[in-house]
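This report describes the fold of a protein chain and the surroundings of its ligand. The sequence and structure are shown first, and the description follows.

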Amino acid sequence: MSADPHCIFCKIVAGQIPSKKVYEDEQVLAFHDIHPWAPVHILIIPKRHIASMADVTEAESQLLGHMVALGPKLMKELGVTNGFRHVINTGQDGGQEVYHLHLHVMGGPRPWLKG
Ligand code: 5GP
Ligand code: ZN
């Protein structure tokens, strides 16, 4: 599907809603999460509207691989040196709030962890 007029992330892709962009190419956009769960928290999204991982097929393998592989590259560029998490929430029980596929990549010091 192309842009969904009601989708907040399609509006970010179209530049109708501002975002703190960290990376963009023909296929994907990456920007800082508005309510970060970690010192560095970005979202990597396909520019094309795909509602969730439940809608992904083998046809999206290259796109998904590209999104996942961008995580370490962008964390490094953002100064994250000590590890990070990739998270994708899917559907109601998966805690998904925005129904435009997005990969959370989170890094930076976690002071609540011991050691
Ligand atoms: P989900 O629970 O769907 O996996 O996560 C949605 C994420 O999108 C949340 O972490 C939320 O803070 C983020 N988010 C929602 N609306 C906006 C927005 O308008 N701009 C940005 N940058 N992030 C958003
Ligand atoms: Zn969308």
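Two strands are taken to pair if DSSP finds at least two bridges between them. With three bridges, strand S1 (residues 21–24) is joined to strand S2 (residues 28–32), and the two run antiparallel. The model is a predicted one.

**Overall architecture**

The protein chain contains two helices and five strands. Read from the N terminus, its elements follow the order α-β-β-β-α-β-β. The radius of gyration is 14 Å, close to the 13 Å that the globule rule gives for 115 residues, so the protein chain is as compact as a globular protein of that length. Its C-alpha trace spans about 45 × 30 × 25 Å along the principal axes. Of the 115 residues in the protein chain, 24% are buried. Among contacts with a separation of 6 or more, 59% are made by residues 24 or more positions apart.

**The sheet**

The five strands form an open sheet in the order S1-S2-S3-S5-S4, with antiparallel pairing. S1 and strand S4 (84–87) stand at the edges; each has a single partner strand, so one side of each is left without a neighbour in the sheet. On average, neighbouring strands of this sheet are turned by 15 degrees against each other, direction ignored.

| Strands | Sense | Bridges | A bridge pair |
|---|---|---|---|
| S1 and S2 | antiparallel | three | Tyr-23 and Ala-30 |
| S4 and S5 (residues 103–107) | antiparallel | four | Val-87 and His-104 |

S1 and S2 form a hairpin, with three residues between them.

**Helix packing**

Which strands does helix H2 lie across? Helix H2 (residues 61–77) lies across S1, S2, S3, S4 and S5, and runs at about 20 degrees to S5.

**Ligand surroundings**

Ligand 1 is surrounded by 13 residues, of which the closest are Ile-34, His-35, Asn-89, Glu-97 and Val-98. By class, this shell has five nonpolar, six polar and two charged residues.

Terms used. Residues numbered from 1 in each chain as written. Chains lettered and ligands numbered in written order. Predicted model: local features only at pLDDT ≥ 70, side-chain atom pairs only at ≥ 80, totals over all residues. Near = placed C-beta within 6 Å. Nonpolar A, V, L, I, M, F, W, Y, C, P; charged D, E, K, R; others polar. Axes fitted to C-alpha atoms, helices over the stretch in contact; angles between N-to-C directions. Contact = placed C-beta atoms within 7 Å. Rg over C-alpha atoms; globule rule 2.2 N^0.38 Å. Buried ≥ 20, exposed ≤ 12 C-beta atoms within 10 Å, placed from the backbone.
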